[in-house]
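Here's a quick look at charged side chains and how they pair up. Have the structure open as you read.

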Amino acid sequence: MAVIEITSQDQFTNLTTVEAGKKLLALYFHTPWAEPCKTMNEVFAALSEEPVNKEVVFISVNADEFVEISELFEVSVVPYFVLIREGTILKELSGADPKEFVGVLGQLIGGGGVGVAGSSGSRAGEGSLGMASNDDEEEETEEQLNERLKKLTHAAPVMLFMKGTPSEPKCGFSRQMVGILREHQVRFGFFDILKDDSVRQGLKTFSDWPTFPQLYANGDFQGGLDIIKEYLEEDPEFFQHTLGS
């Protein structure tokens, strides 16, 4: 079944209620400006064509265009996935890690046999913010790592490098930073540094900052939690001024 692109609120309501039945609904929230979504668009479309997923309804929602739907599911980061069956939310995922989404999808439809067509060879920072595969890969040079970090820091207008994900932060500082961004209604991409030790260690030197979370805006390092708090105390409109909006 091909991906269904939402074009109206009524269409979304009909698909998720009247036509849903007992099928598994996979909602995918994305935006045109978020670089990680470009790879996930392809992954999501490829999965919808897999025979093993024939009982899954793949629904794509532009989070910027359909704000009310996004707010209904409290979507503040993209890519964002919501898996629903019979009106019950079974799982919510945020981030551009194809393996994680494929794994959860496989579990919910009975496991096994779920593949990611067209996504082989994807590396973190090259279209995806997922974890880089270590299978048979040569060790990354310092130059290659710095190039990857540069791409990651430019992956979205606002990029948060944190421990865990916005839906499941793995430390209090990361949780606070996510709270600040949501409070100020800042859309942001993120990278879970616990999934890639090269990024975790390399970013300390790249940013010249020893701790996490780290926040970037338009590719420029803004600071850690305490620095961002100080900026906001001095200028409550800090994010608007920094992003030029």
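## Charged pairs and a charged patch

Glutamate 35 comes out as partly exposed, because its relative accessibility is 34%. This is a predicted model, by the way. The partner to look for is lysine 38: the two side chains meet in a salt bridge, at 3.2 Å from N to O. Lysine 38 is partly exposed too, at 46% relative accessibility. Both sit in helix H2 (residues 35-48), and being 3 residues apart there puts about one helical turn between them.

In total, the structure holds 5 salt bridges. Here are some of them:

| Pair | N to O distance |
|---|---|
| Glutamate 35 and lysine 38 | 3.2 Å |
| Lysine 195 and aspartate 97 | 3.2 Å |
| Lysine 195 and glutamate 100 | 3.3 Å |

Now for lysine 195, which lies in the loop between E9 and H7, while glutamate 100 is in helix H4, so their bridge ties together parts 95 residues apart in sequence. Salt bridges with shared partners join Asp97, Glu100 and Lys195 into one network.

Lysine 195 is partly exposed at 26% relative accessibility, and glutamate 100 is partly exposed at 28%.

Elsewhere, there's a surface patch of negative charge where Asp226, Glu230, Glu233 and Glu234 gather. Glutamate 234 belongs to helix H8 (residues 225-234), and at 67% relative accessibility it counts as exposed.

How values were computed
Residues are numbered from 1 along each chain as its sequence is written. This is a predicted model: local features need pLDDT of at least 70, side-chain atom pairs count only at pLDDT 80 or more; totals for chains, interfaces and linings use all residues. Side-chain values use heavy atoms; hydrogens and water are left out. Patches are made of residues with over 30% relative accessible area and no salt bridge: like charges are joined within 9 Å, nonpolar side chains (Val, Leu, Ile, Met, Phe, Trp, Tyr) within 5 Å. Accessible areas come from the Shrake-Rupley method with a 1.4 Å probe; for residues, only the protein chains shown count as cover. A salt bridge is a side-chain nitrogen of Lys or Arg within 4 Å of a carboxyl oxygen of Asp or Glu. Lys and Arg count as positive and Asp and Glu as negative; His and the chain ends are not counted. The place of a charge is taken as NZ of Lys, CZ of Arg, CG of Asp or CD of Glu. Helices (H or I, at least four residues) and strands (E, at least two) are DSSP runs, numbered from the N terminus. Buried means under 20% relative accessible area, exposed over 50%, partly exposed in between (1.4 Å probe, protein chains only).
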